[in-house]
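Work through the exercises below with the sequence and the model side by side. Try each task before reading its solution.

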Amino acid sequence: MYWFISALIVASAIFWFAPQKVSADTHNSKLTPHLPMMLLFLPLVVLSWLVFETVSNGVSYTTVAAFGFVATACLIALPKLHRFIMPCALLTALALIAMVLQHL
């Protein structure tokens with residue numbers, strides 16, 4: 001349940017801090033150099049909180065799925081790591097499938 005609440009908080013923060021007008025031509029607009037690090041700050045805070053909770057409570061499929069969701073947000077924030085988005089999404093999907101099968 002905590003990972004769902006943290007995902008909702010992260011999505012709300014992205015919604016509020018995202019630029020209102022986004023140009024269609026992305027080739028002319030350059031990102032400022034510090035923007036990827038600013039986008040990485042919130043997911044890293046959530047990831048550190050998840051590590052703390054995992055150490056104190058143990059690992060489950062829910063924890064692996066939460067790590068996958070947060071790691072995907074970290075990978076999206078850094079353009080150099082975009083090639084790892086699909087493996088991270090696969091890990092998250094497998095954890096979610098295992099979590100559903102565990103409850104059946």
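## Exercise 1: Burial and fold

Task: state what share of the protein chain counts as buried, then list its elements.

Solution. Of the 104 residues of the protein chain, 22% count as buried. Buried means under 20% relative accessible area, exposed means over 50%, and partly exposed lies in between (1.4 Å probe, protein chains only). This is a predicted model, in which local features need pLDDT of at least 70 and side-chain atom pairs count only at pLDDT 80 or more, while totals for chains, interfaces and linings use all residues. Residues are numbered from 1 along each chain as its sequence is written, and side-chain values use heavy atoms, with hydrogens and water left out.

Next, the elements. The chain has 4 helices and 0 strands. Their order from the N terminus is α-α-α-α. Helices (H or I, at least four residues) and strands (E, at least two) are DSSP runs, numbered from the N terminus.

## Exercise 2: The second largest pocket

Task: describe the volume and lining of the second largest pocket.

Solution. Start with the volume: about 230 Å³. A pocket is an open set of points on a 1 Å grid over the protein atoms alone, where a 1.4 Å probe fits, with protein on both sides within 12 Å along at least five of seven lines; lining residues have an atom within 4 Å of a point. The volume is the space filled by probe spheres set on the points, which are joined across faces, edges and corners.

Now the lining. It has 13 residues, and Y2, L50, E53, T62 and T63 lie nearest the centre. Helices α1 (2-17), α2 (35-57) and α3 (61-77) each supply at least two lining residues. The largest share, 5 residues, comes from α2.

Finish with the classes: 6 nonpolar, 6 polar and 1 charged. Ala, Val, Leu, Ile, Met, Phe, Trp, Tyr, Cys and Pro count as nonpolar; Asp, Glu, Lys and Arg count as charged; the others, Gly among them, count as polar.
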